[in-house]
Amino acid sequence: MKKRGRPTHGRRSSGGRRRAGSDRTLRLDAQCTIAQASAVKARLARLLGHPGKVALDGGAVERIDTACLQLLAAFVRERRAAGRPVAWHEASAEVINSARLLGLSAELETQALGLT
């Protein structure tokens with residue numbers, strides 16, 4: 001006899017819950033500009049208090065402006081002040097060069113990626 005309710009395919013074996021300390025990755029979209037700043041801010045806010053490591057993946061970013069770089073810098077600053085790790089998984093040349101031009105390489109630690 002089949003149980004009624006929601007289908008079980010695609011569910012995690014751990015009951016659908018992630019471990020509290022698991023790492024998370026925030027993947028930035030190709031366009032990371034003031035038009036997307038509100039959505040980026042909301043995504044960052046959800047990860048601000050995450051107890052595990054947060055990785056930023058900017059490998060797909062084709063365009064990034066000051067608004068989004070400032071949001072990223074504030075996020076990194078707040079996480080580090082709380083003793084919570086943040087690292088870059090990947091960053092496009094656009095992210096690295098834009099951070100350098102705005103003087104945010106040290107704050108965002110993009111110079112460690114080797115392209116500054």
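Biologist: Which residues of H3 are buried?

Modeller: The buried residues of H3 are Val 95, Ile 96, Ser 98 and Ala 99. Buried means under 20% relative accessible area, exposed over 50%, and partly exposed in between, with a 1.4 Å probe and protein chains only. Helices (H or I, at least four residues) and strands (E, at least two) are DSSP runs, numbered from the N terminus. Please note that this is a predicted model: local features need pLDDT of at least 70, side-chain atom pairs count only at pLDDT 80 or more, and totals for chains, interfaces and linings use all residues. Residues are numbered from 1 along each chain as its sequence is written, and side-chain values use heavy atoms, with hydrogens and water left out.

Biologist: What covers the buried residues of H3?

Modeller: The cover includes S3, strand S4 (63-64), H2, S5 and helix H4 (105-108). Contact here means heavy atoms within 4.5 Å.

Biologist: And what follows H3?

Modeller: Gly 103 follows H3, and its phi is positive, near 75°.

Biologist: How far apart are Thr 66 and Ala 99 in space?

Modeller: Their C-alpha atoms are 8.6 Å apart, although 33 residues separate Thr 66 and Ala 99 in sequence. Thr 66 is found in helix H2 and counts as partly exposed, at 37% relative accessibility.

Biologist: Where does Ser 92 lie, and is it buried or exposed?

Modeller: Ser 92 lies in the loop between S5 and helix H3 (93-101). Ser 92 is buried, with a relative accessible area of 11%.

Biologist: What does Ser 92 touch?

Modeller: Not counting residues up to four places away in sequence, Ser 92 touches Gly 58, Gly 59 and Val 61. A polar atom of the Ser 92 side chain lies 2.7 Å from the backbone oxygen of Val 61.

Biologist: Let us turn to the sheet. In what order do the strands come?

Modeller: The order is S1-S3-S5, with 3 strands forming an open sheet and parallel pairing. Strand S1 (24-27) and strand S5 (86-91) stand at the edges, each with a single partner strand, so one side of each has no neighbour in the sheet. On average, neighbouring strands of this sheet are turned by 25° against each other, direction ignored. Two strands pair if DSSP finds at least two bridges between them.

Biologist: How many bridges join S3 to S5, and how many join S1 to S3?

Modeller: S3 (residues 54-58) is joined to S5 by 5 bridges, and S1 is joined to S3 by 4. Ala 55 has Ala 87 of S5 as its bridge partner, while Arg 24 has Val 54 of S3.

Biologist: Which way do the residues of S3 point?

Modeller: Val 54, Leu 56 and Gly 58 point one way, Ala 55 and Asp 57 point the other way, and all are buried.

Biologist: How do the axes of H1 and H2 cross?

Modeller: The axes of H1 and helix H2 (residues 66-81) come within 10 Å and cross at roughly 10°. Axes are lines fitted to C-alpha atoms, for helices over the stretch in contact, and angles run from 0 to 180 degrees between N-to-C directions. H1 and H2 are therefore roughly parallel to each other; angles under 35 degrees count as roughly parallel, over 145 as roughly antiparallel, 65 to 115 as roughly perpendicular and the rest as oblique.

Biologist: Which residues make that contact?

Modeller: Among them are Val 40 and Leu 44 of H1 and Leu 71 and Phe 75 of H2.

Methods:
A polar contact is a pair of N or O atoms within 3.5 Å; within protein, one must be able to donate a hydrogen and the other to accept it, and residues adjacent in sequence count only if both atoms are side-chain atoms.
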